[in-house]
Amino acid sequence: MIAIVGLVIGVVAGLLLQPTVPLMLQPYLPIAVVAALDALFGGLRAMLDGLFDDKVFLVSFLSNVVVAAFIVFLGDQLGVGGQLSTAVVVVLGIRIFSNAASIRRHIFKA
Amino acid sequence: MSDERDRADDPVEDRVDEKPDRTEADDVGSEAADVDSDTVEDARDSGAEVADGAGARADEPRADQPGPDAAGSDEPVTPEALEPATSAEPEPEPASGWKRVAQLLRPRGTRSELLTGLLCLALGFALAVQVGQSTGDQLSSLRQDELVRLLDEVTQRADQLDAEVSDLEAIRDDLQSEDGRDQAARDLARQRAEQEGILSGRLPAQGPGVQIHVADGDRPLEAQALFNLLEELRNAGAEAIQVNGVRLVTTSYFVDSGGGVVLDGAAIASPYEWTAIGDPETIDRALEIPGGALPRIREEGGEATTTVSDQVSVDAVRIPGEPEYADPADEE
């Protein structure tokens, strides 16, 4: 509940404040958001599995974000930033889907 | 609680079999199982706070359990049975999914929930910012190489357009200069038509010149005398000449006819009023030269006076006939 409230508050704050993303972070923010979404779905699934642990969630959330951003950063340095960010998004998307499937099984038993 | 744990053992194994993909599934889920042991250790190592957190963790799933039970569900429940044993096998909740979700949504105010809420807040914030960013300005969300490519494309397009502009300008200049040439040609043609029209007698003319009054004396002047006068005027450079309203052209002729003179088939009679356009001084001097046209007329008893004027007008015209035999020669 608090998580949902936090999510809503965050979205509202972001929409209202509309802060300017620092130029340095602009390429990494979308990837970081996708990675955080992945962590969020993973946490949701773990919660439904009864395995949720806040420490794991915190660590996986932060490390997902940092690693995804770092991979893209590395790709930018290597000159394959676009392709690598696509790869990261694909992988995270697959994970999100599999987690969503697991959550769906929990909720709908199907 | 404790008997719930006992009951839980059997279904747990079924559950694991049902979901083989969980082993390969996301790290969050599997880590959660692993980390349970860590948290226990943390709780052991550090002070009351961590112990409290660990306790909250332990309580959390347990708090979920009574829901299904209270609903009368006889489905086996409870993964926490294994939690104290730090089992590596995750314990799924087989209870009704919606009920479980409802339980999860119930605010509990634990540290775990606060932490999760904080992270979700950060996520929502970043999400909204990114959405605003990418919908607000298309360019700012592009990568550097994409921007460079875009710039290249725009530059290339600009070059193409520049080339097109210069092409079109060249065409326009061509057309304008052609137009200018045509205009010049038309001007030249008109000018030449005017010149030749005056010289051929097709156009009336005006300008400085002389007026000559010639009259018969005791006996009529012969055509020869008038022709001499005409030739003298031509020698002096007269450009347009008329006599008694008849334009004198290259084909003009004087013929004696009885008591008078026929000019170009029309009889004319004394006095003969000449008008010639040309340099007045030259014409005057040429006509008055001793033994010239006018002195000879006077010798034959005629009357001849010359009036020099800055502005005389030759208004008689002659339409030149089409040459019957002569064709324009090739210019080369």
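This is a predicted model: local features need pLDDT of at least 70, side-chain atom pairs count only at pLDDT 80 or more; totals for chains, interfaces and linings use all residues.

Reader: What makes β1(B) and strand β7 (residues 272-277) of chain B count as a pair?

Author: Six bridges, in the antiparallel sense, link β1(B) with β7(B). Pairing asks for at least two DSSP bridges between two strands, so this counts as a pair. Residues are numbered from 1 along each chain as its sequence is written, while chains are lettered from A and ligands numbered from 1 in the order in which they are written.

Reader: How many bridges join strand β1 (residues 205-215) of chain B to β8(B)?

Author: Ten, and the two strands run antiparallel. Look for Ala205(B) facing Val314(B) in β8(B). By the way, strands are DSSP runs of E, at least two residues, and helices are runs of H or I, at least four, both numbered from the N terminus.

Reader: Why are β3 and β8 of chain B called edge strands?

Author: Start from the order: five strands make an open sheet, β3-β2-β7-β1-β8 (chain B), with antiparallel pairing. β3 (246-248) and β8 (303-314) of chain B each have a single partner strand, so one side of each has no neighbour in the sheet. From strand to strand, the twist averages 25°. At the β3(B) end, strand β2 (residues 240-243) of chain B is joined to β3(B) by three antiparallel bridges. Val243(B) has Val246(B) in β3(B) as its bridge partner.

Reader: Over to chain A. Why is α3(A) called roughly antiparallel to α4(A)?

Author: Helix α3 (residues 54-78) and helix α4 (residues 81-108) of chain A have axes that come within 7 Å and cross at roughly 155°. The label for α3(A) and α4(A) is therefore roughly antiparallel. The cut-offs are under 35 degrees for roughly parallel, over 145 for roughly antiparallel, 65 to 115 for roughly perpendicular, and oblique for the rest. Axes are lines fitted to C-alpha atoms, for helices over the stretch in contact, and angles run from 0 to 180 degrees between N-to-C directions.

Reader: Which residues of α3(A) meet α4(A)?

Author: Ala68(A), Ile71(A), Val72(A), Gly75(A) and Asp76(A). Among their partners in α4(A) are Leu84(A), Val88(A) and Leu92(A). Contact means C-beta atoms, placed from the backbone, within 7 Å. By class, this contact has six nonpolar, four polar and one charged residues. Ala, Val, Leu, Ile, Met, Phe, Trp, Tyr, Cys and Pro count as nonpolar, Asp, Glu, Lys and Arg as charged, and the others, Gly among them, as polar.

Reader: What makes α2(A) and α4(A) roughly parallel to each other?

Author: α2(A) and α4(A) pack at about 20°, with axes 9 Å apart. That angle is why α2(A) and α4(A) are called roughly parallel. Their contact includes Phe41(A) and Leu48(A) of α2(A) and Ile96(A) and His106(A) of α4(A). By class, it has 13 nonpolar, five polar and three charged residues.

Reader: And where in chain A is confidence lowest?

Author: In helix α1 (residues 2-17), with a mean of 81, while α4(A) is highest at 89. Those values are pLDDT, the predictor's confidence in each residue, from 0 to 100. Chain A averages 85, and 99% of the residues score at least 70.

Notes
Two residues are in contact if their C-beta atoms, placed from the backbone, lie within 7 Å.
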